Amino acid sequence: MGWPRVLIAGGSIGGLTAAVLLRDLGCRVDVFERSQAALEDRGAGIVVLPVTERYFTERGGADRRVSLELTYWTYMDREGSVLSADADHFRFSGWSTIYRALLESFGPEGYHFGHEMTGFDIRPNGVILDLLDRPSVEGELLVCADGLSSTGRSILLPEVQPQYAGYVAWRGTTPEAALSQQAQADLADSMIYQVLDHGHILVYAIPDSQGRTTPPHRVINFVWYRNYSIGGPFEDLMRGRDGVQRGATLPPGAIRGEHLAEMRSTAAEVLAPTLLEVVLGCEQPLIQAVFDLESPRMAFGRVCLIGDAAIGLRPHVAAGQAKACADAWALRDCLARADGELHSALAAWEPAQLTLGHRALARTREMGQASQFDGTMIPGDPTWKFGLWEPGN
C-alpha cells in the first residue's frame, strides 16, 4: 500500500515533530504554515521534557540536545531564603531554539510559509486541503497542528472553544550577565519558584540566541501568573498601547504603561530579591492569557488533531509542547505498526492520546485552582512537578 501522503497544517514544534517523524517513516510530507516567515518566540523559555527533544537525542545523544539542565528545583520566600531544593534535573530551552533545530532537520523544500488553511474536503481516497489565495492540495492524511485557535478543530468540532482560566502569564527574559553576583549564583544551577498570595512565579535559565548554555552567556526567563477576571480587568489589561483589543497575547512593546508600572510596583513589594532583579531587568515583557481546551475526539477519517488543536493544557505541568510531540510519536508508531494503513492506525492512535491529554489537563486545572484561587499551593510539594504522564515523568 505504501505510506500515505501527509499534509500538516501548522508548522510549530508539534507540526514539525510530526513532519520529521513521518518523513523518516517514508511518507511524503508537506507542512503549511500561515506565517510569512520563520516563527519567533519573542524570548519565551520552555521546560523541555524528554519527548520534546527525543528526535534529537535518539539521533545523536547528548551532543544533539537543544536544551540545558538545571539540577535543582528551588523554592524561595520573600526574603530570598531557600525553603526547599530538590535535585530534579529538569531541562530548559528557548522555544525558538527547538523550532529552528526541527526546521533545519526537516529542510525547506516541504515547509511552506504563507500558506493558511481555510478548509478541507474529506473524500473516500484522500483529503483536499484548501488554502487562502492559493491552489488546493491533495493528500491522504491531514494533520491539524494549528494550535488553540485551530481552523481544523473549528470545522470538525465547532462547539469546542478555548476557555479562559482567569489568569495570565507575564513573561520575559533578562541577560544573565546583567544580574548581580548573588542573583547569578542563585540561578546558576537552579530553577526558582516563589509561591505568592493567589499566584506564583518561576525563573530559570535558557540558552541565549546563539545557543550558548553556560554562565554568564545564558538568558534568564521568568513566568509570573497573575489573576485578571473577565468583565473589566482582563479586557483592560489586554487592550494594547495601540488601542487594539487582543484576546490571547500582548507582544513585547504592546503593554500599556500603567500596567507595566503596576506590575513592577507589585514586584518590588512581593518578590524575592533575585526574582525581582530578573523581572525588573526585562524592558519589554509580554503577556499570555492562560486558556485550556478539551476535545472529545482527535481522529476524523483522514483528518486528525494533535497538540493544542485537540487538547490545550494549562502550563503548570510544562507539557504543552511535550503533548504535541507525544501525539506525533504515537501517530508515527501506529502508522508503522499498521504498515501505513490509515484507518486502523488512527483507530489505534486516538484512544490512548485522548486519555493522556484528558488526564494531563485535569492535573493542570487542579494546579491552577490551587495556586491562583484556593491559595493551597505549598512550597516543596512533591506532587507539583513537571511531567506529561505524571509528576516528574
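These legends accompany several close-up views of a predicted model. Local features are given where pLDDT is at least 70, side-chain atom pairs count only at pLDDT 80 or more, and totals for chains, interfaces and linings use all residues. Residues are numbered from 1 along each chain as its sequence is written, and side-chain values use heavy atoms, with hydrogens and water left out.

**View 1. Helices H9 and H10 pack against each other.** Let us start with H9 (residues 320-337) and H10 (residues 342-374), whose axes lie 9 Å apart at an angle of about 150°. Helices here are DSSP runs of H or I with at least four residues, strands are runs of E with at least two, and both are numbered from the N terminus. Axes are lines fitted to C-alpha atoms, for helices over the stretch in contact, and angles run from 0 to 180 degrees between N-to-C directions. The angle makes H9 roughly antiparallel to H10 (the term applies over 145 degrees). On the H9 side, the residues that meet H10 include Lys-323, Asp-327 and Leu-331; among their counterparts in H10 are Leu-342, Trp-349 and Gln-353. Contact means heavy atoms within 4.5 Å. The residues of this contact divide into 11 nonpolar, 2 polar and 2 charged (Ala, Val, Leu, Ile, Met, Phe, Trp, Tyr, Cys and Pro count as nonpolar, Asp, Glu, Lys and Arg as charged, and the others, Gly among them, as polar).

**View 2. Trp-329 sits in helix H9.** Trp-329 is buried, with a relative accessible area of 2%. Buried means under 20% relative accessible area, exposed over 50% and partly exposed in between, with a 1.4 Å probe and protein chains only. Leaving aside neighbours within four places in sequence, Trp-329 is in contact with Thr-17, Leu-21, Val-51, Arg-54, Tyr-55, Glu-58 and Arg-59.

**View 3. Strands S7, S8 and S9 form an open sheet in that order.** The pairing is antiparallel, and S7 (117-123) and S9 (134-139) are the edge strands, each pairing on one side only. Two strands pair if DSSP finds at least two bridges between them. Neighbouring strands of this sheet are turned by 20° against each other on average, direction ignored. S7 and S8 (residues 126-131) share 6 bridges, and the bridge partner of Asp-121 in S8 is Ile-128. Have a look, too, at His-115 in the loop between S6 (111-113) and S7. His-115 is buried at 15% relative accessible area and, not counting residues up to four places away in sequence, touches Phe-32, Glu-33, Arg-34, Leu-131 and Arg-134.

**View 4. Strand S12 pairs with S4 and S13.** With 6 of its 7 residues buried, S12 is largely enclosed by the rest of the structure. S4 (residues 68-76) pairs with S12 in the parallel sense over 4 bridges, and Trp-73 stands opposite Met-191. S12 and S13 run antiparallel and are joined by 5 bridges, with Val-195 opposite His-200. Their hairpin has 2 residues between the strands, and His-198 takes a positive phi near 55° there.

**View 5. Asp-88 lies in strand S5 (residues 82-94).** Asp-88 counts as partly exposed, at 28% relative accessibility. Thr-71 is 17 residues away along the chain, yet the two C-alpha atoms are separated by 6.0 Å. Beyond four places in sequence, Asp-88 is in contact with Thr-71, Trp-73 and Lys-385.

Conventions
Angles under 35 degrees count as roughly parallel, over 145 as roughly antiparallel, 65 to 115 as roughly perpendicular and the rest as oblique.
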